[in-house]
Amino acid sequence: MSSDMTPSEDAVAAESADESTMTSPTPRPKTTGLHVGDPAPGVAKVDPIIVADNVRRSFGGVHAVDVDHLEIPRGAITALIGPNGAGKTTLFNLLTGFDKPNEGTWSFDGHSLSGVAAYKVSRMGLVRTFQLTKALGLLTVMENMKLGAKNQRGEKFWSSLIPPLWRSQDDELEDRAMELLKRFKLDTKADDFAASLSGGQRKLLEMARSLMTEPTLVMLDEPMAGVNPALTQSLLDHILNLKDEGMTVLFVEHDMHMVRHIADWVVVMAEGKIVAEGDPHEVMRDPAVIDAYLGAHQDVDLGHVTGRIPTVGGDAPSSMTADEIVAEAEAEEEAVRKSQEKHK
């Protein structure tokens with residue numbers, strides 16, 4: 001690669017190279033038996049890692065989050081879906097301490113998080129990424145990674161003045177960071193400024209940095225947003241690997257193909273409320289969910305689903321059955337897949 005290539009061109013070229021080596025995803029078994037009883041909003045989970053009760057957050061009279069009860073299953077990948085403005089990111093902010101609710105309680109791994117600051121939540125093992133990446137552009141990739149580690153002796157004022165007290169730990173952290181960068185194929189960028197990375201590479205960096213905290217639960221806010229298609233499969237595999245390594249994953253996503261591919265459980269939000277829960281295929285067969293959130297049909301008002309508008313008689317008709325809509329979506333996805341294979 002020529003030395004006069006600009007950083008942005010270099011990043012695009014790197015992604016293109018990744019694309020040429022991509023392979024088809026290997027199907028992985030889904031985690032089942034996560035809930036107790038019939039799937040419904042607020043259904044109890046066999047082993048919940050997050051439990052939220054009566055969590056409310058309002059902005060100027062608008063209820064951004066109005067969750068009566070929610071449980072997130074441990075050891076599984078849960079997708080949080082819904083239309084724009086449903087309250088998904090606000091719920092993320094509340095659960096991780098980046099915002100405070102008007103009322104409500106919630107716990108993580110049996111410990112109450114009500115009023116706990118975001119940095120303390122992270123230290124407890126609950127970390128998150130952001131839709132707009134938060135990499136520190138004027139630090140190197142390696143420096144960004146090392147910032148994510150917990151309990152660094154060199155961060156204390158007096159210890160920082162005596163390098164022998166923290167040097168060995170810093171070397172260990174750098175070794176661990178390099179292992180993660182190799183896993184995310186960012187090791188060649190370790191000494192580059194984070195600002196030089198492409199959008200997809202910054203997503204990978206943010207995910208890798210979150211693992212420096214050795215988390216129990218990883219929350220990803222639209223991990224695929226703005227990502228070059230060349231890195232999409234890489235991100236999918238990394239998310240699946242998190243579960244294989246014993247972590248719990250909760251992510252927000254609008255790509256329903258991705259949700260169906262990797263999610264074990266789906267939670268649907270609308271107007272701040274939880275309106276449906278279940279495994280991906282069952283949720284996607286709910287006519288109201290399909291009409292309101294997947295864009296296949298638009299003759300059901302969100303108010304009917306959330307209870308804001310009472311449904312009377314045939315207020316929410318559907319000219320297509322749920323099975324027909326799902327079959328149509330699956331046929332469209334199959335056509336896209338065959339087209340992509342044809343052009344390989």
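**Close-up 1. Arg 260, a buried residue in helix α9 of this predicted model.** Arg 260 counts as buried because its relative accessibility is 12% (buried means under 20% relative accessible area, with a 1.4 Å probe and protein chains only). Its helix, α9, covers residues 256–262; helices are DSSP runs of H or I with at least four residues, strands are runs of E with at least two, and both are numbered from the N terminus. Look also for Pro 280, 20 residues away along the chain, whose C-alpha atom is 5.4 Å from that of Arg 260. Residues are numbered from 1 along each chain as its sequence is written. Local features need pLDDT of at least 70, side-chain atom pairs count only at pLDDT 80 or more, totals for chains, interfaces and linings use all residues, and side-chain values use heavy atoms, without hydrogens and water.

**Close-up 2. An open sheet of 4 strands.** The order is β2-β1-β4-β5, with antiparallel pairing (two strands pair if DSSP finds at least two bridges between them). At the edges are β2 (62–73) and β5 (111–112), each pairing on one side only. Strand β4 (residues 103–108) is joined to β5 by 2 bridges, and Ser 107 has Ser 112 in β5 as its bridge partner.

**Close-up 3. The lining of the second largest pocket.** Here 23 residues form the lining, with Tyr 119, Ser 122, Leu 147, Gly 148 and Thr 213 nearest the centre (a pocket is an open set of points on a 1 Å grid over the protein atoms alone, where a 1.4 Å probe fits, with protein on both sides within 12 Å along at least five of seven lines; lining residues have an atom within 4 Å of a point). Two or more lining residues come from each of α3 (118–123), β6 (126–128) and α7 (199–211), and α3 gives the most, with 5 residues.

Note on methods: Buried < 20%, exposed > 50% of the residue type's maximum accessible area, 1.4 Å probe, protein only.
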